[in-house]
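Colleague: I am new to this structure. Could you take me through the words used for it?

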Amino acid sequence: MRVMEEGALDLFEEIGALKAELNAVILAHYYQEPDIQDMADFIGDSLALAQQAQRTDADVIVFCGVHFMAETAKILNPGKTVILPDLEAGCSLADSCPPGPFKEFIERHPGHAVVSYVNTSAAVKALSDIICTSSNAEKVIATIPEDVPIIFGPDRHLGRYIAEKTGREMVLWPGTCMVHIQFSEKKIRQLKVRYPGAEVLAHPECEERVLRLADHIGSTSSLLRRVTESPARTFIVATEPGIIHQMQKAAPDKTFIRAPGEGPACEACSECPHMRRNTLEKLRDCMRDLSPEIEIEEDLRLRALRPIERMLEVG
Ligand code: SF4
């Protein structure tokens, strides 16, 4: 059981009052720290949060996640104020795909449909035909005619996994997520021996050698569903450990073990340093100051909007 500090209780009250005053909605990704998840109106993965941002009637969207997520919310809601607790909350995967080199990559592969993962900047989305998340990637790929070759970016592990699942040939941009590539195949094997019967749950951004050990592979929403649907009592979780907060709520009698990384044993090594820049204090401050706010130039917004809308039409 988590013990709530007095200061945290004050912050909860302040944030609650600001939310009512601003007519704000707080959206939080599963990788946020537990206090932020508990303060949110809606918690979800990238797809669910984009869908929620599309349908909200709040005046202010407070996005507790990383920059590309808040940017996607702004692209969908140009008339609303979109703020996030820390403007520096970026993403190693989005950073691995700068728009200039990605444009050259596309030009080197004429005739390909360009499918980009949502973990990209607005400028990369604007170069894409359609966006996907790890929840809907297979459905998105199915909308592309069989005879059209595909460029997939920026995550090469997700791309390889989806190519294998769909049987489609894809040219992959060589990006990776700093969190999901650090899990240790050797240490997960050791945990499987120590906890016989434990299921390994893995996000498809993990390396192939880790995915080969997994009993269930899927988006964060899918991993969360699995803990209630599976008869297993113990789970080794190979994704950002913020998700374990919701897993414990969904299945309080089950045991969740963070998959270890390659480095020396470290509680924080699988925590996303970008996601974890957001804190309860910064959440309060950004609502109090209505800053930092996401701004996007209208021409770029419109070019990035169409491939996002195509994704949302697929669901
Ligand atoms: S976990 Fe990886 S993909 Fe997700 S925000 Fe962090 S760096 Fe980006």
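Colleague: Which residues point one way from β11 and which the other way?

Modeller: T234, I236 and A238 point one way from β11, and F235 and V237 the other way. In a regular strand the side chains alternate between the two faces of the sheet. Bear in mind that this is a predicted model, in which local features need pLDDT of at least 70 and side-chain atom pairs count only at pLDDT 80 or more, while totals for chains, interfaces and linings use all residues. Residues are numbered from 1 along each chain as its sequence is written, and side-chain values use heavy atoms, with hydrogens and water left out.

Colleague: What makes β11 largely enclosed by the rest of the structure?

Modeller: A residue is buried under 20% relative accessible area, exposed over 50% and partly exposed in between, with a 1.4 Å probe and protein chains only. Five of the five residues of β11 (residues 234–238) are buried, so the strand is largely enclosed.

Colleague: Which strands pair with β11, and what counts as a strand or a pair?

Modeller: Strands (E, at least two residues) and helices (H or I, at least four) are DSSP runs, numbered from the N terminus. Two strands pair if DSSP finds at least two bridges between them. Four bridges join β9 (residues 199–202) to β11 in parallel, and β11 also pairs in the parallel sense with β12 (residues 255–258) over four bridges. F235 of β11 stands opposite E199, and the bridge partner of F235 in β12 is F256.

Colleague: Why are β6 and β8 said to stand at the edges?

Modeller: Four strands form an open sheet in the order β6-β5-β7-β8, with parallel pairing. β6 (130–132) and β8 (170–172) each have a single partner strand, so one side of each is left without a neighbour in the sheet. From one strand to the next, the twist averages 30°. β5 (residues 113–117) is joined to β6 by three bridges, and Y117 stands opposite C132 in β6.

Colleague: What does helix α9 touch on the sheet?

Modeller: Helix α9 (residues 156–166) packs on the sheet and touches β5, β7 (150–153) and β8. Contact means heavy atoms within 4.5 Å. The direction of α9 makes about 170° with that of β8. Axes are lines fitted to C-alpha atoms, for helices over the stretch in contact, and angles run from 0 to 180 degrees between N-to-C directions.

Colleague: Why are α4 and α15 called roughly perpendicular?

Modeller: The axes of α4 (residues 67–76) and α15 (residues 298–314) come within 9 Å and cross at roughly 95°. Angles under 35 degrees count as roughly parallel, over 145 as roughly antiparallel, 65 to 115 as roughly perpendicular and the rest as oblique. The two helices are therefore roughly perpendicular to each other.

Colleague: Which residues meet there, and how do they divide?

Modeller: T72, K74, I75 and L76 in α4 meet R301, A304, L305, I308 and L312 in α15. The residues of this contact divide into six nonpolar, one polar and two charged. Ala, Val, Leu, Ile, Met, Phe, Trp, Tyr, Cys and Pro count as nonpolar, Asp, Glu, Lys and Arg as charged, and the others, Gly among them, as polar.

Colleague: What makes α4 mostly covered?

Modeller: Nine of the 10 residues of α4 are buried, among them F68, E71 and K74. What covers the buried residues includes β1, α3 (46–55), β3 (60–64) and α15.

Colleague: Is H29 buried or exposed?

Modeller: H29, in strand β1, counts as buried because its relative accessibility is 3%. Leaving aside neighbours within four places in sequence, the contacts of H29 include Q37, D45, C64 and M275. A polar atom of the H29 side chain lies 3.0 Å from the backbone nitrogen of Y31.

Colleague: Why do N23 and L290 count as partly exposed?

Modeller: N23 counts as partly exposed because its relative accessibility is 37%, and L290 because its value is 34%. N23 is found in the loop between α1 (6–22) and β1 (24–29), and L290 in the loop between α14 and α15. Phi is near 50° in N23 and near 50° in L290. Most residues other than glycine have a negative phi, and most peptide bonds are trans.

Conventions. Polar contact = N/O pair within 3.5 Å; in protein donor to acceptor, adjacent residues only side chain to side chain.
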